[in-house]
Amino acid sequence: MNTTMLPAMLAALALLAAPVHAADVAAGKALSEESCIDCHGDDGAGDDDYPAIAGLSVEKFTKAMQEYQNGTRTKSTKMTKEAKKVSAAQVADLAAYYATLK
Ligand code: HEC
């Protein structure tokens, strides 16, 4: 085997071992600006009509989104509609982003 190939092969292995989707805070922020901020505010702080979502733990955030998506949480048809627009990978990005806010 040509040993100059070794670093490239190790890098390829490391990629394979990585999780399927590493949450991307920047992508979450960009996505939040497309819709979430319309209701939850620029910084996710919420207001009288919409709950604050800034600073929610990744677990709580993800659980809430999954409950809207799978129909076990039905308090808000608006939020159910929003949740159904995003994929599981996007929920992970959004959760990572909102967890960085206070
Ligand atoms: C049209 C207005 C609207 C938009 C847009 C919207 N939401 Fe919501 N969201 C709501 C409302 C209303 C609730 C409260 C519903 C309830 O009590 O279950 C809520 C609740 C939530 C909760 C649960 C909070 C908690 O403490 O349990 C999360 C998480 C959330 N939204 C995330 C998002 C994300 C992420 C986006 C963008 C993809 C988004 N929302 C866009 C209206 C909206």
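How many of the 102 residues of the protein count as buried, as a percentage? Here are my notes, starting with that one.

1. The answer is 18%. Buried here means that 20 or more other C-beta atoms lie within 10 Å of a residue's own; 12 or fewer makes it exposed, anything in between is partly exposed, and the C-beta atoms are placed from the backbone. Keep in mind that this is a predicted model, where local features need pLDDT of at least 70, side-chain atom pairs count only at pLDDT 80 or more, and totals for chains, interfaces and linings use all residues. Residue numbers start from 1 along each chain as its sequence is written.

2. Now the overall layout. You'll find 6 helices and 0 strands, so the elements read α-α-α-α-α-α from the N terminus on, with helices (H or I, at least four residues) and strands (E, at least two) taken as DSSP runs and numbered from the N terminus. Among contacts with a separation of 6 or more, 65% join residues 24 or more positions apart; a contact means two C-beta atoms, placed from the backbone, within 7 Å.

3. Next, look inside. The largest nonpolar core has 12 residues, including Ile53, Phe61, Met65 and Tyr68. Such a core is a set of buried Ala, Val, Leu, Ile, Met, Phe, Trp, Tyr and Cys residues joined through C-beta atoms within 7 Å. Helix H4 (58-70) and helix H6 (88-100) each supply at least two residues of this core, and H6 gives the most, with 8 residues. Ala99 belongs to the core too. Leaving aside its neighbours within four places in sequence, alanine 99 touches Leu56, Ser57, Val58 and Phe61.

4. H6 also packs against helix H2 (residues 25-34), at an angle of about 95° and with the axes 7 Å apart. The axes are lines fitted to C-alpha atoms, for helices over the stretch in contact, and angles run from 0 to 180 degrees between N-to-C directions. That makes H2 roughly perpendicular to H6, because 65 to 115 degrees counts as roughly perpendicular, under 35 as roughly parallel, over 145 as roughly antiparallel and the rest as oblique. Residues that meet here include Leu31 in H2 and Tyr97 in H6.

5. Then there's the ligand. It is surrounded by 19 residues, and the closest are Cys36, Cys39, Lys75, Ser76 and Met79; a residue is near it if its C-beta atom, placed from the backbone, lies within 6 Å. Helix H3 (36-40), H4 and helix H5 (77-83) each give two or more residues to this shell, with H3 giving the most, 4 residues.

6. Finally, check the end of H4. Asparagine 70 sits in that helix and is exposed, because it has 11 other C-beta atoms within 10 Å. Glycine 71 lies in the loop between H4 and H5, and it counts as exposed because it has 10 C-beta neighbours inside 10 Å. Lysine 84 is 14 residues from asparagine 70 in sequence and 8.7 Å away in space, C-alpha to C-alpha. From glycine 71, lysine 84 is 13 residues along and 9.9 Å away, again C-alpha to C-alpha.
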